[in-house]
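The sequence and structure are shown here.

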Amino acid sequence: MNVAVIGIGRIGLPLAVTIASRGHRVTGCDIDADRVARINRAENPLPDEAGLGELLARTIADGSFRATTDTAAGVRDAAVILFAVRVDVDADGRADLSHLLAAVDAVAPALAPGALCIFDTTLPVGTTRRVLAPRLERGGRRLGDDLHVAFSPERLLMGRVIEDLTKYPKVVGGVDPEGGRLAADFYRQTFGGEVLLLSSAEAAELSKLAEGAYRDLNIALANELAMVADVHGLDIAEVIRAANSQPYSHIHVPGTGVGGHCIPVYPRFLMQGEGPSALSALGRAVNDAMPGYVVRRLAALLGGLEGRRVLVLGLTFRPDVAVTFHTNAVDLRRELEALGARVEGHDPLLSPEGIASLGFERAAEPLAGYDAAIVHSYHRAYAGLDWAHIAPVVVDARNALDRAAVEAAGVRYLGVGRPPTPAR
């Protein structure tokens, strides 16, 4: 089968090469000419994505996968077109579909008769039917006749996309009944895992938003409980461990907010006015406030931050993945600077330009002489750090460190919802 994947970024490229490795001929379409050229040379643009380099090299070598900037040519002979184009939020917190709409407009005139278009992303409820399918029809194909459309949300974690493609059931919903059936058959044949065919594209869209809202609200609950623990001088790690020993409790880990492409974005798709969303709005407010809360706790511990040198370690949105979308490291910098701190940033996964793009002054190595260090993303590369040389106080912004090891180095520890080490 000829398959086209529109958008070969963090999700689309692992998806494309995996499909190619399963016996299909895949064309990856992208507007980034440099990325396309590198991929066609089998140069892996995502070295932190497990297993991608090997699959890319193999599928380029055997001719089952190629990349192009000519989207129309790439889809002309494709029986299945997967859209893996990122959707974000605009300045007003509403879904920004601009990149996806541009991709749809490029594909529509070139669709083959009977083509199946699957939107493998996350969207506000109703977007596939009301917005995207009609734009595809502008190319001259008629929905349900010689065009089929379905929605199937990605259920993947960056860094392990290839593993996750077959780890969880694939959720599918069609705009037209045949589109749903064809999409379900495609995923069963390609990945061989369980496929959940829902009654409509809207049901599939809402299922993905439900996943994201659940996680955001769960983290907001953990953060509120952490603040209660701070009031009473309790360790939230101990409290959550006890609560989760009961099988109906699944409280997540508190921290300085939520970053990345997904969790801080998808609840806002529910907050666009197309249904009740009071809880999603509250969860966003709680999580967005956490960087400021943690910085104020540090200020109280140090007796103020004016003129203090503070190092933020790990600027990506999560450990060991070089992605900075909606990273809370930026929020920490803003809150620290508002209280007069002199802030520097360090991240072994980012270039000097990448660090500067986040507004940070780059920390010089060796890392030493700071008044405090905040560990935002605890990369594997940080496991051997000598905390005593870096700063007398370490803030564990994700409750990811070994507290005993930090304190054994003679350094004061401060976690989220965890009492600080007493001053000596």
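## An enclosed strand

The model is predicted. In strand β8, which covers residues 147–151, five of the five residues are buried, so the strand is largely enclosed by the rest of the structure. Buried here stands for under 20% relative accessible area.

The side chains of β8 divide between two directions: L147, V149 and F151 point one way, while H148 and A150 point the other way. Residues on both sides of the strand are buried.

## The neighbouring strand

Strand β7, residues 115–119, pairs with β8. The two strands run parallel and are joined by five bridges. Within this pairing, A115 stands opposite L147 of β8, and L147 is itself buried.

## The chain as a whole

The protein chain contains 17 helices and 16 strands. Its radius of gyration is 23 Å, close to the 22 Å given by the globule rule for 424 residues, so the chain is as compact as a globular protein of that length. The C-alpha trace spans about 75 × 45 × 40 Å along its principal axes.

Of the contacts between residues at least 6 apart in sequence, 69% join residues at least 24 apart.

## Burial, surface and charge

Buried residues account for 54% of the 424 residues in the chain. The accessible surface comes to about 17800 Å², and carbon and sulfur atoms contribute 54% of that area.

The protein chain carries 43 positive and 51 negative charges. The mean positions of these two sets are 1 Å apart.

Key. Residues numbered from 1 in each chain as written. Predicted model: local features only at pLDDT ≥ 70, side-chain atom pairs only at ≥ 80, totals over all residues. Heavy atoms only, no water. Helix = DSSP H or I, 4+ residues; strand = E, 2+ residues; numbered from the N terminus. Rg over C-alpha atoms; globule rule 2.2 N^0.38 Å. Buried < 20%, exposed > 50% of the residue type's maximum accessible area, 1.4 Å probe, protein only. Contact = heavy atoms within 4.5 Å. Areas by Shrake-Rupley, 256 points an atom, 1.4 Å probe, with all protein chains shown as cover. Lys, Arg positive; Asp, Glu negative; His and termini not counted. Charge placed at Lys NZ, Arg CZ, Asp CG, Glu CD. Pairing = 2+ DSSP bridges.
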